[in-house]
Amino acid sequence: MKPAAAHGLLLSSLCLALCCRGGARGSPTSSDNHEWKKLIMVHHWPVTVCKEVEKDCRDPPDYWTIHGLWPDRAEECNGSWPFNFEEIKDLLPEMKMYWPDVIHPLNHSHFWKHEWEKHGTCAAQLDALNSQKKYFGGSLGLYEKLELNSILQKLGIKPSINYYQISDIKDALASMYGVVPKVQCLPPKQGEEVQTIGQIELCFTKDLRLRNCTEPGELGESGRAWGPGLEVCEDGPAFYPPPPQSAR
């Protein structure tokens, strides 16, 4: 299938994913002015997450997991809409698999609470995401339809002791998704040769269509970090670290 055709099918599937994963009608969001322009689907690489916090995580997943679904310029939009674990109980098998708390694997709900209160209450301005079940279910649906793990495998981009060029990764992903992603890295620490790949972001318009994460002339997030220590990757080589048990 040609990339353009695949891109068209992907857009249809993504919209369907959000429409089909519904829930009870959401509570109204805050009337405060929290303007945002795009949604950012943030995937993170668990091996780098463990390195980032300098914590010896126990058996981090060997696949890309969800960090969050984030409106770009709004946070904590409704402090009167607290996280309610009961609303997402039927999503738990998928949540634990694809949206785990890599750092605190025995207490996932703290991570999900944070994501809802900081980001979900803003994303809930959209009808498709206007309840906790819709927000978490919709995020899972996007993750499953984007298939980042299998796309990277198809492109031959796998964890390796050899380095990748960031421009090659971005170009390869753009050829599959039809939009330019954003890739974030940990800068090299003392004694390290290169940066380490940590997150891959794919962005959406408010009508849930894929878009470039940064458009020409758009005020920059070029140095904005979505996690402690992370920065937008520099052009050049980067390390995509294998899980500890498979490192050579």
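Reader: What makes strand β5 (residues 195-204) mostly covered?
Author: In β5, 10 of its 10 residues are buried, where buried means under 20% relative accessible area, exposed over 50% and partly exposed in between (1.4 Å probe, protein chains only). Strands here are DSSP runs of E with at least two residues, and helices are runs of H or I with at least four, numbered from the N terminus.

A word on the source: this is a predicted model, in which local features need pLDDT of at least 70 and side-chain atom pairs count only at pLDDT 80 or more, while totals for chains, interfaces and linings use all residues. Residues are numbered from 1 along each chain as its sequence is written, and side-chain values use heavy atoms, with hydrogens and water left out.

Reader: How do you know that β1 and β5 pair?
Author: Two strands pair if DSSP finds at least two bridges between them. β1 and β5 have 6 bridges, in the antiparallel sense, so they meet that definition. Along this pairing, V42 stands opposite E201 in β5.

Reader: In which sense do β5 and strand β8 (residues 237-239) pair, parallel or antiparallel?
Author: They pair in the parallel sense over 2 bridges, with Q195 opposite A238 in β8.

Reader: Why is S160 called buried?
Author: Its relative accessible area is 16%, so S160 falls under the 20% limit. S160 sits in the loop between α6 (148-154) and β3 (163-165), and touches F239, Y240 and P242, leaving aside residues up to four places away in sequence; contact means heavy atoms within 4.5 Å.
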